[in-house]
Protein chains: 4
Amino acid sequence: MRSFLRRAYVGIGAAFSIALAGAVFAQSGGSANRKADTDEQRIADLVLASRILVNEGVLDSFGHVTVRSASDPNVYFMPRAMPPGLVTAADIVKLTLDSVPVDPNAPRTNGERFIHGEIYKARPDVQAVVHSHVQSVIPFSVTPSHPLRPLLHMAAFLPAQVSVFDDRTFAKDHPDAVGKMQINTAPLGAALARMLGKDPVILIRGHGDAVVGSSLQWAVYRAIYTDRNAQAQLAAAQLGADTIFVNDDEMRMHPVEVFDVQRPWDNFVARLPK
Amino acid sequence: MRSFLRRAYVGIGAAFSIALAGAVFAQSGGSANRKADTDEQRIADLVLASRILVNEGVLDSFGHVTVRSASDPNVYFMPRAMPPGLVTAADIVKLTLDSVPVDPNAPRTNGERFIHGEIYKARPDVQAVVHSHVQSVIPFSVTPSHPLRPLLHMAAFLPAQVSVFDDRTFAKDHPDAVGKMQINTAPLGAALARMLGKDPVILIRGHGDAVVGSSLQWAVYRAIYTDRNAQAQLAAAQLGADTIFVNDDEMRMHPVEVFDVQRPWDNFVARLPK
Amino acid sequence: MRSFLRRAYVGIGAAFSIALAGAVFAQSGGSANRKADTDEQRIADLVLASRILVNEGVLDSFGHVTVRSASDPNVYFMPRAMPPGLVTAADIVKLTLDSVPVDPNAPRTNGERFIHGEIYKARPDVQAVVHSHVQSVIPFSVTPSHPLRPLLHMAAFLPAQVSVFDDRTFAKDHPDAVGKMQINTAPLGAALARMLGKDPVILIRGHGDAVVGSSLQWAVYRAIYTDRNAQAQLAAAQLGADTIFVNDDEMRMHPVEVFDVQRPWDNFVARLPK
Amino acid sequence: MRSFLRRAYVGIGAAFSIALAGAVFAQSGGSANRKADTDEQRIADLVLASRILVNEGVLDSFGHVTVRSASDPNVYFMPRAMPPGLVTAADIVKLTLDSVPVDPNAPRTNGERFIHGEIYKARPDVQAVVHSHVQSVIPFSVTPSHPLRPLLHMAAFLPAQVSVFDDRTFAKDHPDAVGKMQINTAPLGAALARMLGKDPVILIRGHGDAVVGSSLQWAVYRAIYTDRNAQAQLAAAQLGADTIFVNDDEMRMHPVEVFDVQRPWDNFVARLPK
């Protein structure tokens, strides 16, 4: 998977040269205009990822995306505590995997940064994490009789049944976590990461989801198609009880080898308000 | 709660200095650019609040937001009768808590101003009131088998079951109120305020809601997340009957201490059309 | 009702002087800037009405609004056959109540003009008619177990149960109408007008609705709030079977005396793309 | 049907001369400004069709529209593999009906081009094909108890029950197709075309639809109204089990003779972002 990751990643800079009207479209697939995978490039993409997820309706005033450093796998980049739609490169903070800022004078980051740090610790394959409050997954996080399941071919990356992390279970043995509904300590983040296991997505009860990827492009793509799968599954549930879900063969074949994630990314970038 | 209110409130002016592209973002949390809590400032925020609630889909051609005076708790500010999306500072009228204009030559305000005045009388802690017709709460106002309940962690401010004010109950003993479906007298407003009690939100049957806050920022935030909670609860109800709601521990812990309300406010302001 | 109509109507021109940012808002209610009720003014409003209904999601590529002449109750104005969002004053055609163009060289108008002409014949109180394909009413037009009923206080103008015109009933005795699903002859239009009776709204099975008003402002307002009531009723039906609808007292009290229709109209105009 | 096709087609160029504000609207129906049906014109329309389907919510980052050549029925035009909203005339590739590029140096086209090529082979009447992932049809593609059926009069072109192609059926005898959920070989495309038969629309399980037309205008129109019919059918299913669908008489009478498809096309073009 790492080699695919590299292929998918090394070209993101092309997105900057897109101009919708009357301009030559920078061909994805062309190696000439692919950018090197540096921290600087990842930070530029992190700004785009934040704005894309707002623009596609996955994030609103809350939620956050992060990316692991390209040069040092033991640190990751996160915006300071602020609305994701307003993030610029100047707002990015470098954190250790314990979610402590490398620069003690760095601005405050979100209290739920432990979602990111603990997943990076547990999952060396993960290069990017999205935490969102996207509305469509909420019903599946509070209705145990209806887990989120893959139904769309573009969401065949989902596991047969998406896990739901409920802090009430954790809080049973941790009185300080009772009633918080926030993943804002390292033990809570670690518990979430354990339940995530090798999956790409986990729901958080009454709260949202966490989505991981082998690149920012894949994490963003998956966050968006998790949303669309949830919308389609709700509609299918309204029709009848005989929904056909993606089966084991199909899950095994998907998704990373199927298409170039640069294609939707280019489109998401082009759709950003100018 | 008052001290938190002050902290949340004193900084709203920062919103004016936001510019989305290429500009330095005014850090929330920084005390330097926080504004004093004056009537002038509250009126400026009231204009923003009106436009925000239209932009976020809570208000349309109707509905109104008001704010209590910072200098005199016995008067409040309300736009004249007009679409909330068009309100400017020149449209703001000062009213006593009996909802009588201080200036007898002031333009006409909405007939339902008594919702605001009577709540301010009954609730000294309330500094701002929103009355909206937001679509998402309507089903919960007309389907007694399904009260609105908190399900989203960002809406854990809701009481375990949101009350529904039905003017038919009131009209039983007040023949002049029969069939009006409007809260346009002081006794109707007072009855609504009594049913609201210490809650932050009340629904009005077939009509909309009233939402209060310890600042304009909190009232706006709550009006928006009441909407999102209603949307999520409807979707969950479509999936199954085993919805997990926010429990007592969680309600006790939320919401005011959890986050800086200036963050979503800054975002709502930044999202306004230029 | 006619005197109210006049009051509501004579001021529409004010809408033209609205400018959203930084300008003085032309006060509705001020008599100084009210315009005379002339054919020229009605045609200007008809253009606005067409664009408003597109902008508010009631019309798309199809559907049409018309207005009766102010000077001659035996003719009405209708745009030529074209998408309603593109209508200008130059596109307006004058038709007799038999839906024949007064000018034999006039451009072709929509085949369903008989909806309008036959309603104007049967209802002297009606000054404007909207025919739309709005999505939200369709389910109520094809599901006999669930008629559209008033539930929103802003839609208390709806009758206790909105009639559904089904051309299959008519076609039983009119072989030429079999299978058309179009109201494109005078007898079909007359049959629809008979079923409408004194109501303000009628649904057309699998097709849309027809909405009438004592002015363009009222017809537009009602078309928009019929849409919102349908949306709310669908959501309420998804929650449970115990929906509380508007009752007889409330229907009797509504809607025309309750508010100044110029207020939502001004807002709809202000919301039009510049 | 071919003669109607010609009538509908020969005027598309008019769309280019539309200007929304203050300009003279180019009358559809006027023969003077109709353009000749050349390959150049079809390619220009193909670019518009791609952008229209994105703008109307039918396509997102994926999906594709194609058109048969006007001069050689054995080739068709398809954009290279890229987001449809970004397509320009420079991105169009000419393919044989075996879905092989005529120019061996042409850029790569989408792996699912066989949907198009195999339909063109099987259906000489088809001049244009849309393949979309539109959300609204997905539930009907995975819920066998609820096939998509015509309910809207504007969608009376749909067959009484829209077929669903499921690659699992095909894959039973083709081990290389197991788990792919993609129509990316000629045999899969041919199997889809066989199931489509003479219909205008077919669904693909968990994936989307394929929609054909006797012109780009008709294929685009049908793709959009298939979406709207699906939305209305879902809503009707939520209300009750007694939905009235379009009957045989109505299907026989519809749709092509009923209206000038240039009208919605002009509107779709006018709605494109400038």
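Biologist: How many bridges join strand 6 of chain B to strand 7 of chain B?

Modeller: In this predicted model, strand 6 of chain B covers residues 201-204 and strand 7 of chain B covers residues 208-213. B:L203 has B:D209 of strand 7 as its bridge partner. The two strands run antiparallel, and the bridges joining them number four.

Biologist: Which strands of chain B are the edge strands of the open sheet?

Modeller: Seven strands of chain B make up this open sheet with mixed pairing, and their order is 3-2-1-4-7-6-5. An edge strand here pairs on one side only. That description applies to strand 3 (92-96) and strand 5 (164-165) of chain B.

Biologist: At what angle to strand 7 of chain B does helix 7 of chain B run?

Modeller: Helix 7 of chain B spans residues 216-239. This helix lies across strand 1, strand 4, strand 6 and strand 7 of chain B. Its angle to strand 7 of chain B is about 145 degrees.

Biologist: What area is buried between chain A and chain D?

Modeller: The contact involves 35 residues of chain A and 34 residues of chain D. Carbon and sulfur atoms give 60% of the buried area, which is about 3,300 Å².

Biologist: Which helix of chain A gives the most to the side that touches chain D?

Modeller: Between chain A and chain D, 14 residue pairs are in polar contact. On the chain A side, helix 7 (216-239), helix 8 (248-253) and helix 9 (262-271) each supply at least two residues. The greatest contribution, nine residues, comes from helix 7 of chain A.

Definitions and conventions: Residues are numbered from 1 along each chain as its sequence is written. Chains are lettered from A and ligands numbered from 1 in the order in which they are written. This is a predicted model: local features need pLDDT of at least 70, side-chain atom pairs count only at pLDDT 80 or more; totals for chains, interfaces and linings use all residues. Side-chain values use heavy atoms; hydrogens and water are left out. Contact means heavy atoms within 4.5 Å. Buried area is the accessible area (1.4 Å probe) that two parts lose on being put together, summed over both. A polar contact is a pair of N or O atoms within 3.5 Å; within protein, one must be able to donate a hydrogen and the other to accept it, and residues adjacent in sequence count only if both atoms are side-chain atoms. Two strands pair if DSSP finds at least two bridges between them. Axes are lines fitted to C-alpha atoms, for helices over the stretch in contact, and angles run from 0 to 180 degrees between N-to-C directions.
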